[in-house]
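Got your viewer open and ready? Let's walk through this structure together, one selection at a time.

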Amino acid sequence: MVGMNTLVRRGVARLGIPCVWRGKCVSSGNEPAESNRVTPMLRHLMYKIKSTGPITVAEYMKEVLTNPAKGYYVHHDMLGEKGDFITSPEISQIFGELLGIWFVSEWMTSGKSTAFQLVELGPGRGTLTGDILRVFNQLGSVLKNCDISIHLVEVSQKLSEIQALTLTEEKLPLERDAESLVYMKGVTKSGIPVSWYRDLKDVPKGYSFYLAHEFFDVLPVHKFQKTPQGWREVLVDIDPQVSDKLRFVLAPCATPAEAFIQHDERRDHVEVCPNAGIIIEELSQRIALTGGAALIADYGHDGTKTDTFRGFCGHQLHDVLIAPGTADLTADVDFSYLRRMAQGKVASLGPVEQRTFLKNMGIDVRLKVLLDKADEPSSKEQLLRGYDMLMNPQRMGERFNFFALLPHQRLHAASQERNARQSKTPASSVPGFDELVWQ
């Protein structure tokens, strides 16, 4: 079967040289001279392009980030102050605690099942799952009759090792089987079984809560520009004027991925992520069949933005085509596309801004409790800095959004309950997406 990227390359090769695309080149403007070096990934990409022609941005992202031999995620610990970016769980423990409360609340609302799986896609260093597990442990009296298991979907061997150090009991050795769908197993410090997988489809089906924090924004996107001739896909090619340099070009004809563009699309530039659609379809089918919920938090928009493809290196914006393999690549999540791909099988909520979600979840109440308990001025200062980073509209407060997938009956039951007590609360009554009433 011929793949989509192969069809694109063959089409470009047949129809001649595509035209240069001069869209936004997102860059800090001060990349060091050594960042222009010829990296092993650049050599690999140039050989690939010379052999088969220009490649899609999706194929470029996939190679740069997850190539088994040279991929950025495969061999880097890119998180934290020494990495290329910091995520919300690395900034403040409150973030993970509130998400833990969200999952427990949904478990209680949906009937307190005797067992559930917590499945995280792209768990980073394991910090977020660790914070959630601390909440589960603190609410042990509530969860005592529930059989909980942790399932982590991670393609990076480097990060899976860091996750194991964060989460598991050192005295109990990990089980490893590189050839198995479950390539690593262990037990958390609180005695909960944890397993690692490379693909969501390998995770056992069953009543589950799914978490994807800064996961969808690194999935490969196809980029399209509207031209007088119609939509044309943006490709990555070798710059004929400069040795060892890449450039963006437009495909000379339509490409297969154009099928993902909506017929009534009004923007002149769009990014589409087929992989995100596949994952949302899988999550929707699972939740509709066995219950649970999915909580997604990421950079994103509701079908309004255009060119968001960018790179990060050393906490600075980085030109996406310079020194590939040394910087993270990302594109904002189109939540309107995720909603469409759920295909009505489940209900969707959001996106809502991170500051709204966390405020609705009670971040101010939790901050006050922690500040009252903090003895050292430095601890209080750290808590306040973390709060500002999460909530400030100029920082993460408005840039990140929350989005949820839930069974239709979850919202239907909430509606019936409200009618019974003649409540004036909003239609969804789902924590985070509506304001909690503190009594």
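Start by selecting Y299 and F400: both of these residues are buried. One thing to keep in mind as you click around is that this is a predicted model.

Stay with those two for a moment. How far apart are the ring centres of Y299 and F400, and how are the planes set? The centres are 4.4 Å apart with 35 degrees between the planes, and this aromatic pair is a tilted one. Now colour the strands: Y299 sits in strand β13 (residues 292–301), while F400 belongs to strand β19 (residues 400–406). The pair links distant parts of the chain, 101 residues apart.

If you search the whole structure for aromatic pairs, you get 13. Pick F116 and F136 next: their ring centres are 5.7 Å apart and the planes meet at 85 degrees, so this pair is edge-to-face. F116 is in strand β3 (residues 115–121) and F136 is in helix α7 (residues 127–138), so the pair ties together parts 20 residues apart in sequence.

Buried or exposed: which is F116? With a relative accessibility of 2%, F116 counts as buried. F136 is buried as well, at 4% relative accessible area.

Now widen the selection to W102, F103, W107, F116, F136, Y207 and F209, and show their side chains. Ring pairs link these residues into a cluster.

**Helix α6 and its partners**

Two packed helices are described by the angle between their axes and the distance between the axes. The crossing is right-handed.

Which residues make the contact? On the α6 side, they include F95, L99 and F103, and on the α7 side, L128, I132 and F136 are among them. Sorted by class, this contact of α6 with α7 has 9 nonpolar, 3 polar and 3 charged residues.

Select Q93, I94, E97 and L98 of α6, then I363, R366, L367 and L370 of α13, to see the residues that make the contact. They divide into 5 nonpolar, 1 polar and 2 charged.

Key: Residues are numbered from 1 along each chain as its sequence is written. This is a predicted model: local features need pLDDT of at least 70, side-chain atom pairs count only at pLDDT 80 or more; totals for chains, interfaces and linings use all residues. Side-chain values use heavy atoms; hydrogens and water are left out. Contact means heavy atoms within 4.5 Å. Helices (H or I, at least four residues) and strands (E, at least two) are DSSP runs, numbered from the N terminus. Ala, Val, Leu, Ile, Met, Phe, Trp, Tyr, Cys and Pro count as nonpolar, Asp, Glu, Lys and Arg as charged, and the others, Gly among them, as polar. Rings of Phe, Tyr and Trp (its six-membered ring) pair if their centres lie within 6.5 Å; planes under 30 degrees apart count as stacked, over 60 as edge-to-face and the rest as tilted. Buried means under 20% relative accessible area, exposed over 50%, partly exposed in between (1.4 Å probe, protein chains only). A crossing is left-handed if the near helix is turned anticlockwise from the far one by less than a right angle, and right-handed if clockwise.
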